[in-house]
Amino acid sequence: MLKYIGKRLLLMSPVLLGISLILFPIMNLTPGDPARMLLGEFASQAEVEALREEMGLNDNFFVRYGRYIGSAITGSFGNSYRTGIPVVEEIASRFPSTLKLAFFAMLISACIGI
C-alpha cells in the first residue's frame with residue numbers, strides 16, 4: 001500500500017508541472033497590466049513602472065516562470081495584494097471550513113448514492 005501511495009505521489013509531480021506549464025502562459029496572456037490594476041486607474045506611469053519592477057514583471061517570461069516554480073516548490077507564495085497577509089496563512093485559515101464542506105458533501109453523496 002505504501003508503495004502504491006509513493007508511486008502516486010511521484011507521478012503527481014509531472015502532472016503539476018504540466019498544469020503550471022499550461023496555466024502560467026495563459027495568465028500572462030490575459031489582457032491588462034497587473035501593476036495598473038493594483039494601483040488603480042489614476043496612478044502615474046512612474047508609480048506603475050516602479051511596481052512592475054518591484055513585482056518582477058519587467059523580466060522575461062522564462063525568468064518569471066523559474067521564479068514562480070521556485071517559490072511554489074519552497075511553499076513561499078508571497079503576500080496577498082488585497083489583505084497583505086501571507087497567502088499560506090490565508091489558505092490555512094480557510095482550510096478547516098474546506099474540510100468540513102468536503103466531508104459533508106461526500107456524506108450527502110454517499111447517502112444519495114446508496
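Helix H2 (34-39) is part of what covers the buried residues of helix H3, where contact means heavy atoms within 4.5 Å. Welcome to a predicted model, in which local features need pLDDT of at least 70, side-chain atom pairs count only at pLDDT 80 or more, and totals for chains, interfaces and linings use all residues. Residues are numbered from 1 along each chain as its sequence is written, and side-chain values use heavy atoms, with hydrogens and water left out. Helices here are DSSP runs (H or I, at least four residues), numbered from the N terminus.

**Helix H3 and its two sides**
- H3 spans residues 45-55, and its Val 48, Leu 51 and Arg 52 are buried (under 20% relative accessible area, with exposed meaning over 50%, partly exposed in between, 1.4 Å probe, protein chains only).
- Seen down the H3 axis, these buried residues fall within an arc of 105 degrees, so they line one face of the helix; the arc is that of the directions from the helix axis to the C-beta atoms.
- On the face turned away from the buried side of H3 sit the exposed residues Ala 46, Glu 53 and Glu 54.
- Just after H3 comes Gly 56, with a positive phi of about 80 degrees.

**Where H1 meets H4**
- From H1, Leu 17, Ser 20, Leu 21, Phe 24, Pro 25 and Asn 28 meet Phe 61, Arg 64, Tyr 65, Tyr 68 and Ile 69 of H4.
- The axes of H1 (residues 2-29) and H4 (residues 61-74) come within 11 Å and cross at roughly 130 degrees.

How values were computed: Axes fitted to C-alpha atoms, helices over the stretch in contact; angles between N-to-C directions.
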